[in-house]
Amino acid sequence: MSDLLAINTIRLLAVDTVAKANSGHPGAPMGLAPAAHTLFKQMRFNPRNPAWINRDRFVLSNGHACALLYTMLFLYGYDYTIDDLKSFRQLNSKTPGHPEAELPGVEVTTGPLGQGIANAVGLAIAQAQLAATYNKPNYELFSNYTYAFLGDGCLQEGVAQEAISLAGHLGDGLKLIAFWDDNQISIDGDTNVSFTEDVPAKFRAQGWEVLSVKDGNDDLEGIAAALAKAKTTNKPTLIRLPTIIGYGSLQQGTHGVHGSPLKPDDIKQLKKKFGFDPEQNFVVPREVTESYAKHVADNQQVEVEWNKLFTAYTKEYPELGQELHRRLDGKLPENWQKALPTYTVDDKPVASRKLSEIVLTSIEKELPELVGGSADLTGSNLTRWPDAVDFQPKSTGLGDFSGRYFRFGVREHGMGAIINGISAYGANFKAYGGTFLNFVSYASGAVRLSALSGHPIIWVATHDSIGLGEDGPTHQPIETLAHLRALPNLMVWRPADGNETSAAYLRAIESKHTPSIIALTRQNLPQLEHSSIEKAAKGGYTVYPVENPDIILVASGSEVSIAIDGAKKLGTEGVKASVVSIPDFFTFDSQARSYQLSVLPDGVPIMSVEVMSTFGWPKYSHEQFGINRFGISGPGPEIYKFFEFTAEGVADRASKVVQFYKGKELLSPLNKAFESVHA
């Protein structure tokens, strides 16, 4: 088989795929086909076992070029048919408009530009950490490379630059090779209208090796040579690949071929030019699939040899081998949760960020898969256990790659995308990242992809309210929780005490497909009399029970104890009030309706109490006491008084609610005429 036949097959399948859908992006697949052909021919992977842990990873950061990826996966025998290509971008097809992580051979969900290359950094970090932890002399279990294609759009996104900068800092030993599709075209036209920086110089300044191919359209030897050279360096490597977008089209080299199907006459001349029948579509020469199948067969033998190596490793290193088997099976250690701390009402008040640190310190030895760090807020987030080793190049003297603590720097968005990549690697990594809750907003793109992709990562989000005090409204979250709670498939925990903090980590670490935000206080919180890990793990429960209440106060986090104080004050005034804690909406919503109604029943007015936007609370309450304005600078306790989040302020509003609804027939807000669309 000639390389050119394979390359033109890739180009034309991508063109036909987009044309059949009458939607998509043909230009980049046409320009990148030579690089894809050259790269895949030397990658290690097994389409019959796409989850093989030591496979090479490929990330299409410019996810709009997914017709290229689907074509490659089809030609190499992954679980795709020609009909799947013909169903591109159609309802419920296996070939959606951008790559989605649950599809065979797709490592991460891409489309929002820049996220993919940042995920690739995370994938490379995961490989390096596993290799440093488990590889032994004569047993190189983890040796895979991570490859990425990215375009000019990716390079303009801040999330990409954050991750690229960190990868350059880590440098020594990251098996990461990125191909820059330098086609000088974006949606607005030539990149000279907005993007004229010296990309190679910038990458070199950030610690990357930079290689260049003269002509990415035809120079297969040059592409292969650059790839080989990239593997001789310990640095992450960028390969500059000058290409012509829409190569061969009548519109080649213009933005007109970026995001629209080629015209029928253009497709015909293209096929004729490439030596194909212009009247036939979706042509797959047997020589191409046979050649690619041989590479797959070779790779399958590589996997067989790897399995033998792993078996021998397990015999020589039984403890590590058993641990690895468990992790690769996606299982947690038996009874690990017994390490979670528990508390009684007699224990002293503690800030929930400190309670989080206590949890991490208590469980880290039980969970070698637990890795994480902070975006330059380690001392504030309290995310590092005392004897943690930093993940750093050994040459720096700051740690080594077996370290489980990451110094992400002031790169919240990059951190979010990187921990997504770590999670996507496999081996049951439980990756977390720390910052202030308000600054999770910087990373909202990565958080959304965590939820969409099902990466069970954890955000340790401290300084969760006006209680942080003097830093003022720039740092005080108001709308943040409402935004995060609105995301599908995302747990947003706001624990009220030590037991609830342990419950949040229990659910977050047990999760296989749902990420978690754990919002934590700067200020001390009392330990609650009726809390427990078991109760809190349901997402909502009655934390201050009274018989036949006149009102139910429902709250989260630091406001739960204030609500209890308000309920006690109401009691002195002859009003019976119970208090419900809802540390996580998502988990509470997943409980049986009978349980939910036992907590928030019919016939009783319900008032929510939270020092945030009231948006979202009407699903549980008839009235809401919250803050629908920005915060204010000052000492935390004074700010609480300013906004009347005190026992008196709660009791006063609760009394008004009782009077307002007196004599009225009330249904719990949980009762609905119908349910909205959900998973």
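**A walk through helices, a loop and a buried arginine**

In this predicted model, Leu-5, Ala-6, Thr-9 and Ile-10 of helix α1 meet Glu-287, Val-288 and Tyr-292 of helix α11. Sorted by class, the residues in this contact are 5 nonpolar, 1 polar and 1 charged. Two packed helices are described by the angle between their axes and the distance between the axes. For α1, which covers residues 3-21, and α11, which covers residues 286-316, the angle is about 105° and the axes lie 9 Å apart. Because angles of 65 to 115 degrees count as roughly perpendicular, α1 is described as roughly perpendicular to α11.

Helix α5, formed by residues 115-134, can be followed from end to end: its 20 residues reach 28 Å from the first C-alpha to the last, which is close to the 28 Å expected at 1.5 Å a residue. Of these 20 residues, 18 are buried, so α5 is largely enclosed by the rest of the structure.

Between α9 (220-230) and β7 (237-242) runs a loop that holds Thr-233. With 19% relative accessibility, Thr-233 counts as buried, because the cut-off for that term is under 20%. The side chain of Thr-233 also reaches the backbone nitrogen of Lys-235, at 3.1 Å.

Leaving aside neighbours within four places in sequence, Arg-485 is in contact with Val-492, Ser-556, Phe-585, Glu-610 and Trp-617. With the side chain of Glu-610, the side chain of Arg-485 makes a polar contact at 2.9 Å. Arg-485 and Asp-584 are 99 residues apart along the chain, while their C-alpha atoms are separated by 8.7 Å.

Terms used. Residues are numbered from 1 along each chain as its sequence is written. This is a predicted model: local features need pLDDT of at least 70, side-chain atom pairs count only at pLDDT 80 or more; totals for chains, interfaces and linings use all residues. Side-chain values use heavy atoms; hydrogens and water are left out. Axes are lines fitted to C-alpha atoms, for helices over the stretch in contact, and angles run from 0 to 180 degrees between N-to-C directions. Helices (H or I, at least four residues) and strands (E, at least two) are DSSP runs, numbered from the N terminus. Angles under 35 degrees count as roughly parallel, over 145 as roughly antiparallel, 65 to 115 as roughly perpendicular and the rest as oblique. Contact means heavy atoms within 4.5 Å. Ala, Val, Leu, Ile, Met, Phe, Trp, Tyr, Cys and Pro count as nonpolar, Asp, Glu, Lys and Arg as charged, and the others, Gly among them, as polar. The expected span of a helix is 1.5 Å times one less than its number of residues. Buried means under 20% relative accessible area, exposed over 50%, partly exposed in between (1.4 Å probe, protein chains only). A polar contact is a pair of N or O atoms within 3.5 Å; within protein, one must be able to donate a hydrogen and the other to accept it, and residues adjacent in sequence count only if both atoms are side-chain atoms.
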